[in-house]
Amino acid sequence: MKTGALLRFYIDNRKYLPGIVLIVGLSLCSGMLKMLSAAYWGRSLDYGVAGLTQEMLTAAGMMAFFILLDCARTALHYRIIGRITEDMFLGVRVRAFQKLCRASLPDLEQGFRTGDVAARLGGDIDFLSNFSAGHISNFSRVLFSGVFSLTACIFISWQLSIAYLILLPVSLWVVGAISRPIQEQGKRSMDHTGAAMSTAAGAVSGALTVKAFAAEEALCQRFNKAADEAYSQKVRSEKLGMKMTAVKYIATVAQTMSLFLLGSWLVSSGRLTVGGFVSFVALSGYITDCLSQSDYMFKSIRNASASAQRYYEVLDIPDEPTGPVCQPIGGAPAPCAAQNLGFAYSLGGRPVLDGLTLSIPAGKKVAVVGASGCGKSTLIKLICRLHLPLSGSLTLFGAQAEEWAPEKLRAHISLVTQDPCLFGGSFYDNVALGRPGATRAQCEAALRSVRLWDFVCTFPEGMDHPIGEGGQNLSGGQKQRLCIARAMVKQAPLVLLDEPTSALDMQTEREVQQALDRLLEGRSAVIIAHRLSTVQGADYIYVLEKGRVAEEGSPQALLSQRGRYYEMCRLQGLEVGP
Ligand SMILES: Nc1ncnc2c1ncn2[C@@H]1O[C@H](COP(=O)(O)OP(=O)(O)O)[C@@H](O)[C@H]1O
Ligand SMILES: [Mg+2]
């Protein structure tokens, strides 16, 4: 069992240690209180049998006192556990999330799938927090109660204790061996139920495709098959369960009977008092609990170690590399200039950019075109410093890419991509994300500028209207215009457009294009577009092929050159002149 990560987790979260020690201390109290109340119960019985009423009542009073004390302990215990679990869950989760935000894009892209990150931020940390307070409390309570009870039992009657310690593991083993096949059957039934549920989820989320392909019948059959299988496994497991319950019952009764027979013999032969026997029976329950839960305790420690390991895989992602430059160097430098730039996604891998040389002069709109996969989006990622160049140089606002502090550089860049990336929250939340401290007036101006204001005003809450997860309540064009509004409030001098209209129909494209034109006014821009009609107004065009510039010039020059660009325009049915 790898407990290194778990140990590290506790060292990192040592501020909760006093609370955890308190929890364990209270568990110790619980064990002692249980032992004392059982002892006084036996004693009061013995006094009662001997006819000593006064002493019997005193002992019963003591028993009640210890039971009440244990109740108070339980309340305090739950309060502290709840507090620590919630504090820890919040603190640890925030740390993991901050780490994810600071991690570099390549590390994120290589290491994690979306669902996996959700599991690590949710399930794993939830389990760790619960384990640290709730489980530890439960386990230490059961353990202390078991140890104290065993000590007391040995004092009450060592003969009965030995018999009990021989009988208990045997009956636990029998019960365990019996439950295993039932658990396996249950798991198989759950697997089939899971398959049925995922078919149902797919049928709902993909309703459009299901109907379009008339796949209802096929999906129903798949659902029925999985549900049938789950049902028959369940029936089988219940039948098995019924048979096994009988055997389990016999095993438990046999153990109890043997103990009672031996106990009665010890009482009748004067080696044990009636009260002692009753105390013994009461205390032996805690020993049974302790042994029967040991398996679960080890399993929980194993699970917590695995969760801690997964948590540290997130926490150990290195921070994005940074540099000393915090602002543009030397007056109003060109936003971007690449010289013989080379880049590959993996070390020694196929070069995606291979000796690329281009320049984006201040205030100019430069288009980058080329076949799919030629490295256009990769260039955008390099300009955003999401990846660093492998060879050659990339100068951004007068300083080398690697010399920039990433967040300072990105303050000068606005990006609009093909897939509109929106977040849950309102129109305002999404637009204001463009610039820290953006005012409502600035957001309104941006929304007006992209012609979304009238639409926003149709909602009673206006800008505060929630747009649904990922903007699911909006149309494709509205989503994209909202992204443009976000880029607008940023007021960055360099705008990067990575095929922002290629997923839209012609009419919507025109609306979005108008918004884009307004965003580009007075700014430098790199425009990547699939539809060449949208780049004809650019100041300069680079045609990329296999990661390098194959052709460059103004749109008119390239058309008259009758090279690659001319050919691409012709294929798209554009007016290319005589
Ligand atoms: N994250 C990535 N990891 C590895 N390879 C990638 C990654 N992103 C893109 N590529 C590869 O790099 C090449 C260029 O991709 P990209 O820059 O997206 O092309 P374009 O935008 O011109 O269509 C493609 O062959 C693509 O498969
Ligand atoms: Mg691309």
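Which residue's side chain meets Glu320 in a salt bridge? In this predicted model, that partner is Arg410, at 2.4 Å from N to O. A salt bridge here is a side-chain nitrogen of Lys or Arg within 4 Å of a carboxyl oxygen of Asp or Glu.

Residues are numbered from 1 along each chain as its sequence is written, chains are lettered from A and ligands numbered from 1 in written order. Local features need pLDDT of at least 70 and side-chain atom pairs count only at pLDDT 80 or more, while totals for chains, interfaces and linings use all residues; side-chain values use heavy atoms, with hydrogens and water left out.

Arg410 sits in helix H11 and Glu320 in the loop between H9 and S1, so this pair links parts 90 residues apart in sequence. Helices (H or I, at least four residues) and strands (E, at least two) are DSSP runs, numbered from the N terminus. Glu320 is buried, at 18% relative accessible area, while Arg410 is partly exposed at 22%; buried means under 20%, exposed over 50%, and partly exposed in between (1.4 Å probe, protein chains only).

The structure holds 15 salt bridges, including these:

| Pair | N to O distance |
|---|---|
| Asp316 and Arg8 | 2.8 Å |
| Asp319 and Arg102 | 3.5 Å |
| Arg410 and Glu320 | 2.4 Å |

Asp319 also lies in the loop between H9 and S1, with Arg102 in helix H3, so their pair ties together parts 217 residues apart in sequence. Both ends are partly exposed: Asp319 at 40% relative accessibility and Arg102 at 42%. Elsewhere, salt bridges with shared partners join Lys34, Asp70 and Arg73 into one network.
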